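The exercises below are meant to be worked through with the sequence and the model side by side. Each task is followed by a solution that goes step by step.

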Amino acid sequence: MRNFTRPFTLLSVALLLSGVAIKSAHAHVIDRIEINHVGDEAEIQIIFDTRIQYLREASLGNGEVHIYFNLLEPDPSANSLVSEAKNSPPSDIAPHFTLSYPELDSALDITFDKQVEYRVRPGKDGRSISIFTPVIMPKSEPSPAIPPLTLRTPEEIELEAKQLIDSARHALVHDQIGTSIETLNQLLKLPPNQQSQPAQELIGEAREKNGEFAKARVEYELYLKLYPDATDAVQVKERLAHLPSEANKPILRAAQKKIIEEKMIVYGSFSQNYYRGMSHTEVSSVLNGLGVTSALSSIDQSTLVSSLDMTGRKRTETTDTRFVVREDYNANFLRGQKNDNRLNAAYVEQSARDHSYLYRLGRQVGSAGGVMGRFDGAWLGYSVNPAWRVNGVIGAPVDFFGSSTERKTFTGVSVDLTRLPEQWSGSGYFIQQRVGGVADRQAIGVETHYFDMLRNYTGLLDYDTLFKAVNIATLQGNWTMASGGNYNLLVDHRKSPPLQITNALPGQTIQSIAALIQSGVSSDTLRTDAKAASATSNLFMVGMTQPYSTHWRLGGDFRITNISGTGAYGSGPTAVAAAPGTDNIYIYSAQAIGNNLLFESDLGVASASYINARFYKGQSLAFNQVEMLSQRWRLDVFLQFYTQNGTSGDPNYHQTRVTPSLKLGYHLNESVSLEGEGGIENTHTSSATQNDKTRRTYFYVGYRWDFQ
């Protein structure tokens, strides 16, 4: 565990600092894609397996969008070289698109079939990013026959109005904004009733939440005209005063289509990529006053990666049912290396269209309620009323990386409060995990969200009651300005690995918690060792992106990070010694993004970083250029230069690394695409006693078939 924990933690921080994703570090981070109808727009929601922090976006101008973000919880079990690619789910409200991650500049790429108007927002849950596009206009349909006018009693009108406003409020708190607006319009067309006044205020809030600021202004002004002496008039005036002067998005009228019962549809993709890497290293050292040079060449990678991503979905007026299967098979052709098969997801899920219940059974990724990572089990949720939702979870963690075969199980409950003042929501949870007959982890937590069209705040606190220590405390914020600028903040404090009694196993001669307890080792001793084995990482980051013209936008980040030391633990020959931590590491980064600079619909991204640590200084320069050679051909060129002076224990250490690479893609037709990438990494490392030169060349070629 010590051999794994510290390098992995350092690697995770390094990825976060540099903004450069290594394909072998995160084989799967995208859980699924959802498309929802939100007012006059289609919301394309990209949901991740892990917590992320949205940074910025850039467009090529031809329908291709690059989105940059940080991964906050790298998966230690993800060590395959799978590049993720997904086709858009079937939809009659959003344009067709394809998604791939990571690109050469570490971005997530969304390519629409044609140029579209769009806007990007971070999700309110800290695990998603949303792209909003105008709804595709439906084909005109014959107008329905107007029913004959019927007279209703005042009591019947009041009953209908009460039902409509309850439905509108429920839809609004569940982000079904279009449904809420339509329902409130129905209510306001009724003769005056007791719900007319709150409905007039609520429709202003709904339009404001949907970014329809001009329409929200009209609704608020009408409220003040109709109800100038109302108790809520002061609140409405404040909302009116804080509305932006102009809307931030185009408005397109579209009627939300009524969902009818559908046949089961199956869609997804199958891909195969062959990866090959070759290394040549020359080591020069001084031995007994004489220079000695040795060389080594080898094939370090030869793998065929096959990936299946399949979803089946059936929707009716009342339910939405789906099954999901995601699997990777790595055929390793190197001598002595084993093949690897990973079932990443296999579950069935059903939810009510009114969000009253949801259940998910099978292998899935925990995204709430204190569940960390992938597990086999069940997640159940039920809405007691429009404001409160109760959830339960039971399962067993899935650990592809761990060597222990000892089974862990957990149970948990959580309560979501979905209706708070303004756009606030939150949840609280309790979870307990057991292994070998004792508690492995036991935590309580609270998560809060604030979300509107311009601001987004997310906070999480996870406290382990067994270890009496904070496991995770994180806060992130994102602000979008009327000028198009974006600002973000991240404060993150967490244990790595997360606190659990099994962290103590590397220091024990017996690799079983149950056997250790039977041998006389107390659970208190194991918890003390586990706490000593878990380092604490801290990260503070502020960043911004500002458009300066139609072709340029500039961004920058400042980060401070550190990792604590770990204590000595265990006994006998397997005892693990204490290890020191790092001092503060300061990183200054800048990024310039330009489009349509050299050719039409191109994208250039230049970035620079400076790292200032106690024992070393590092500088990184990178440039990526994307060219659309034709409608079917795309070329990416990437070049990175890194230099470092000094390291822990050796002030004479010096390293330079130059990495050029090239990627070429071709769309054979709407369903089949071909892709290839090749690159060279030249590394020169020198110190007082050694001089190393390493050249690694690699390439991969493959195809993807999208089916539906």
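**Exercise 1.** Work out in which order the strands of the five-stranded open sheet are arranged, and which strands stand at its edges.

Solution. The five strands of this open sheet follow the order E3-E4-E7-E6-E5, with antiparallel pairing. The edge strands, each pairing on one side only, are E3 (52-59) and E5 (84-87). From one strand to the next, the twist averages 20°. Strands here are DSSP runs of E with at least two residues, and helices are runs of H or I with at least four, both numbered from the N terminus; two strands pair if DSSP finds at least two bridges between them. This is a predicted model, in which local features need pLDDT of at least 70 and side-chain atom pairs count only at pLDDT 80 or more, while totals for chains, interfaces and linings use all residues. Residues are numbered from 1 along each chain as its sequence is written, and side-chain values use heavy atoms, with hydrogens and water left out.

Asn 87 has Thr 98 in E6 as its bridge partner. Beyond this strand, Pro 102 lies in the loop between E6 and E7 (108-112), and the peptide bond joining Tyr 101 and Pro 102 is cis, with omega about -10°.

**Exercise 2.** Find which residue stands opposite Arg 119 in E9, and over which ring the charged end of Arg 119 sits.

Solution. Begin with the open sheet of four strands, which has the order E1-E2-E9-E8 and antiparallel pairing. Strands E1 (30-38) and E8 (119-122) are at its edges with a single partner strand each, so one side of each is left without a neighbour in the sheet. E8 and E9 (residues 128-134) run antiparallel and are joined by four bridges. Across this pairing, Arg 119 stands opposite Phe 132 in E9. The charged end of Arg 119 also sits over the ring of Phe 132, 4.2 Å from its centre; the criterion is NZ of Lys or CZ of Arg within 6 Å of the ring centre and within 35 degrees of the ring normal. Elsewhere, Arg 360 lies over the face of Tyr 347, at 5.6 Å from the ring centre.

**Exercise 3.** Determine how helix H4 is oriented against H5 and against H3.

Solution. Take H4 (residues 196-209) and H5 (residues 213-226) to begin with: their axes come within 8 Å and cross at roughly 160°, where axes are lines fitted to C-alpha atoms, for helices over the stretch in contact, and angles run from 0 to 180 degrees between N-to-C directions. H4 is therefore roughly antiparallel to H5, since angles over 145 degrees count as roughly antiparallel, under 35 as roughly parallel, 65 to 115 as roughly perpendicular and the rest as oblique. The contact, meaning heavy atoms within 4.5 Å, includes Gln 197 and Ile 203 of H4 and Phe 213 and Tyr 220 of H5.

Then turn to H3 (residues 177-188), whose axis comes within 9 Å of that of H4 and crosses it at roughly 150°. H3 is therefore roughly antiparallel to H4. Among the residues that meet here are Ile 181 and Leu 184 in H3 and Ala 199 and Ile 203 in H4.
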